Amino acid sequence: MCQFIQRYGNPRYCNEEDKEFALYFRNGIAITLLGPAMNTLAKRASGTFVTDQVHNYCLSYVSNAVEMSPTYKTLKPHLEFILHQIIFPTLCLSDEDIQLFDEDPNE
């Protein structure tokens with residue numbers, strides 16, 4: 001999912017022979033794949049276990065989707081949720097992180 005949006009999400013950045021597929025991907029498939037990525041991020045925000053790798057892939061997909069007009073229009077009504085419930089908690093230090101820094105301040 002992430003590799004497709006990175007490679008074909010923006011037709012300006014792909015090879016000339018892939019531009020037609022990139023347009024098709026941007027206008028149709030990218031919006032469809034945005035739903036499962038957002039659902040996975042929402043599950044983690046609600047406390048359901050999602051591995052760090054899957055969470056990072058979903059965040060990567062959303063960060064690439066923000067750059068494209070069709071997917072941004074889909075994301076725009078949910079930006080407050082994305083920022084406050086997903087991105088901000090991801091960037092904040094957890095209690096485990098704070099303990100780790102307290103144990104060995106030199107690292």
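Biologist: What makes R12 count as lying over the face of Y13?

Modeller: The charge of R12 is at 5.7 Å from the ring centre of Y13, and a charge sits over a ring if NZ of Lys or CZ of Arg is within 6 Å of the ring centre and within 35 degrees of the ring normal, so R12 is said to lie over the face of Y13. This is a predicted model, in which local features need pLDDT of at least 70 and side-chain atom pairs count only at pLDDT 80 or more, whereas totals for chains, interfaces and linings use all residues. Residues are numbered from 1 along each chain as its sequence is written, and side-chain values use heavy atoms, with hydrogens and water left out.

Biologist: How many aromatic pairs does the rule give?

Modeller: The count comes to five aromatic pairs, where rings of Phe, Tyr and Trp (its six-membered ring) pair if their centres lie within 6.5 Å, and planes under 30 degrees apart are stacked, over 60 edge-to-face and the rest tilted.

Biologist: Why is the pair of F4 and F25 called stacked?

Modeller: The ring centres of F4 and F25 are 6.0 Å apart, with 25° between the planes, and because planes under 30 degrees apart count as stacked, this pair takes that name. The pair links distant parts of the chain, since F4 is in helix α1 and F25 in helix α2 (residues 19-45), 21 residues apart; a helix here is a DSSP run (H or I) of at least four residues, numbered from the N terminus.

Biologist: What makes F25 buried and F4 partly exposed?

Modeller: Buried means under 20% relative accessible area, exposed over 50%, and partly exposed in between, with a 1.4 Å probe and protein chains only. F25 has 1% and is therefore buried, whereas F4, at 42%, is partly exposed.

Biologist: Why is the pair of Y8 and F21 called edge-to-face?

Modeller: The ring centres of Y8 and F21 are 4.9 Å apart and their planes are at 90°, so the pair is edge-to-face. Y8 lies in helix α1 and F21 in helix α2, so this pair ties together parts that are 13 residues apart in sequence. Y8, with a relative accessible area of 14%, is buried, while F21, with 33%, is partly exposed. Ring pairs link F4, Y8, F21 and F25 into a cluster.

Biologist: Which secondary structure does the chain have, and how much of the chain is buried?

Modeller: The chain has six helices and zero strands, and buried residues make up 26% of its 107 residues.

Notes: Helices (H or I, at least four residues) and strands (E, at least two) are DSSP runs, numbered from the N terminus.
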